[in-house]
Amino acid sequence: MRARTTTLTTAVLVLALTAAGPLASAPAFAAPATEPGTSASPHGTVKTSVSGTAPGPDTEALSAAIAGLPDHDATAALIRVGGDGGWRGTAGVRDVRTGAPALENGRFRAGSVTKVVTAAIVLQLAAEKRIDLDGTVQRYLPGLLTEEFRPVTVRQLLNYTSGLQSGPSLGETVEEGYPHRFETLTPRQVVAGAVAKGPAYAPGTRQTYDNIHYTVLGMLIEKVTGDSYAHQAQVRIFRPLGMRATSFPAGPDPRVHGPHNRGYDWIDGRLVDVTDWNMSDRWAAGDLISTTADLERLLVALFRGRVVPAPQLREMFTLPDVPGARYAAALERFELNGRVIWGKTGSRPGYATAIAATRDLSRTLVYDVNSTDAKGDGLAVAQRFAYPAFNR
C-alpha cells in the first residue's frame, strides 16, 4: 500500500526555498548527467538495481515510491531490500542548493535504530555474565533512582516497561528545537530530570516507548565495562561486522562527518537545512550515524545470531507479558500482508530510518529517507517506502 504523495514542481520548491533564509539562493533542480543504471528527471536522478532470480519484492511499487524525488515530503531516499530477491534504489538530491544527485552510500542520522546497538551490547554482557537481566538498576547504578522507585530490572529497561518517565529536552518538535540545536543537554541531565518526576507506574506492568530506558542502559554499559559507550559499540559491533562508516558524534559535535545527503524540514512554511544539530542528549538512545549498507550488515548478522548468542537473542523477539505490548528488547513486532516482521525505526530532523526483516531473513529492508517531516507522521513514510518491500 502506498501513501498518497504530492510531488511538487521545481518551481514550487524553489519558491519555498527562496523564503527560507540561508537557502534563498537555491537553484532549480537541474537533472544531473546520468550514469549507467540511472534515469534523470527534472526532479533529480533515480538509480535502481534488481538482484536474484527468486520471487522478490514489489519492484514497481518501490520504484514508484522514489519516483519524482525531491518532492514536498522528501528530498532523497536510499533503500536496500534483500533476502529472496533484492532491490536497491537511490533517488533525490544530496543538496537542494546544487541539485547534485543523492549519494547511495551517504551517511545519515539513524535515530532510534541506535537502540538495537545498545540492546545488543547489553545482551552480550548478559551472555558474558557481567549483567543479570533480572538484576536491578538499584544494584548496578546505586543512587541513580530515588526511593520512590520500586526495583527496576535490566530486562524492563530493554523492553520499555521500567516505569521511568521522559526526561527533559530542548524542544519536543523540530520547530521548538531548532533555535537550541547547538546547545547541550547531557544524558545525565536527561536522566536526572526523568527521575525527579518519579515513576509513571509500577515496573513491569505497562509498556511505554521512550528514549529514557536506553539512556539508562547506556549508563549501565559504561558502569559495567569501565569504558565509554561509543568505544564499546565500536569494538563489540562496528569493527567485527565491518561497519566502517558507522560511528557516534564526539560529544556535542553537531556535524555529520564524511559524505552525506543533507537533511531538511519545513519550519514555519520554509524548507530549512537541519543537518547540523547537537544530538548528544539522544546518546545511547538515538545518536548513531551510519549508512544503509552498514545497517544491512547489522540487521543480517543480528538475526543470524552472529552478534548476540541465541539464548540472549530470544529477548529481542519476545514481547513482555503486559497489555498491548509491541516491543521486545529494542525491536518492534509488525504484521503486514500475513507476515510477521521485526524491526526498528528512527527519526532525527531531516532523516527517517528503518531496519526490518522477517525472522528467517527471507525479506530484509533498510532505508534512509531525507523526510521533510521526519519527526512527524512516521506511518506515512513507512507506507510509502517500506510497505512495498513486503507486498509479496
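Is Phe385 buried or exposed, and what is its relative accessible area? In this predicted model, Phe385 is buried, with a relative accessible area of 2%, where buried denotes under 20% relative accessible area, exposed over 50%, and partly exposed the range in between, as computed with a 1.4 Å probe on protein chains only. Residues are numbered from 1 along each chain as its sequence is written, and side-chain values rest on heavy atoms, with hydrogens and water left out. Because the model is predicted, local features require a pLDDT of at least 70 and side-chain atom pairs count only at pLDDT 80 or more, whereas totals for chains, interfaces and linings use all residues.

Phe385 lies in helix H13 (residues 378–385), helices being DSSP runs of H or I with at least four residues and strands being runs of E with at least two, each numbered from the N terminus. When residues up to four places away in sequence are not counted, Phe385 touches Leu62, Ala65, Ile66, Leu69, Ala77, Ile79, Leu365, Tyr367 and Val369, a contact being defined by heavy atoms within 4.5 Å. One of these residues, Val369, is 16 residues apart from Phe385 in sequence, and the C-alpha atoms of the two are 8.3 Å apart in space.

Helix H7 (residues 187–196) has as its buried residues Pro187, Val190, Val191, Ala194 and Val195. These residues are on the same side of H7 because they cover an arc of only 130 degrees around the axis, the arc being that of the directions from the helix axis to the C-beta atoms. An α-helix has 3.6 residues a turn, so residues three or four places apart point the same way. The buried residues of H7 pack against helix H8 (212–225) and helix H10 (283–286), while the face of H7 turned away from its buried side carries the exposed residues Arg188 and Ala196. Just after H7, Gly198 adopts a positive phi of about 80 degrees.

Strand E6 (residues 264–267) is covered on both faces, with Tyr264 and Trp266 buried on one side and Asp265 and Ile267 buried on the other. In a regular strand the side chains alternate between the two faces of the sheet. E6 pairs with strand E7 (residues 270–273) in the antiparallel sense over four bridges, pairing being assigned if DSSP finds at least two bridges between two strands. Within this arrangement, the bridge partner of Tyr264 in E7 is Asp273. The two strands E6 and E7 form a hairpin with two residues between them, and Asp268 in the turn has a positive phi of about 55 degrees.

Across the whole structure, a search finds 13 salt bridges, each defined as a side-chain nitrogen of Lys or Arg within 4 Å of a carboxyl oxygen of Asp or Glu. Glu128 forms one of them with Arg236, the closest N and O atoms being 2.9 Å apart. This pair links distant parts of the chain, since Glu128 is in the loop between helix H3 (114–127) and helix H4 (137–140) and Arg236 is in helix H9 (residues 229–241), 108 residues apart. Glu128 also forms a salt bridge with Arg130, with a closest N to O separation of 3.6 Å. Glu128 is partly exposed at 39% relative accessible area, and Arg130 is likewise partly exposed at 38%, whereas Arg236 is buried at 15%. A further salt bridge joins the side chains of Arg282 and Asp281 at 3.0 Å, N to O, with Arg282 buried at 18% and Asp281 buried at 10%. Salt bridges that share partners join Glu128, Arg130 and Arg236 into one network.
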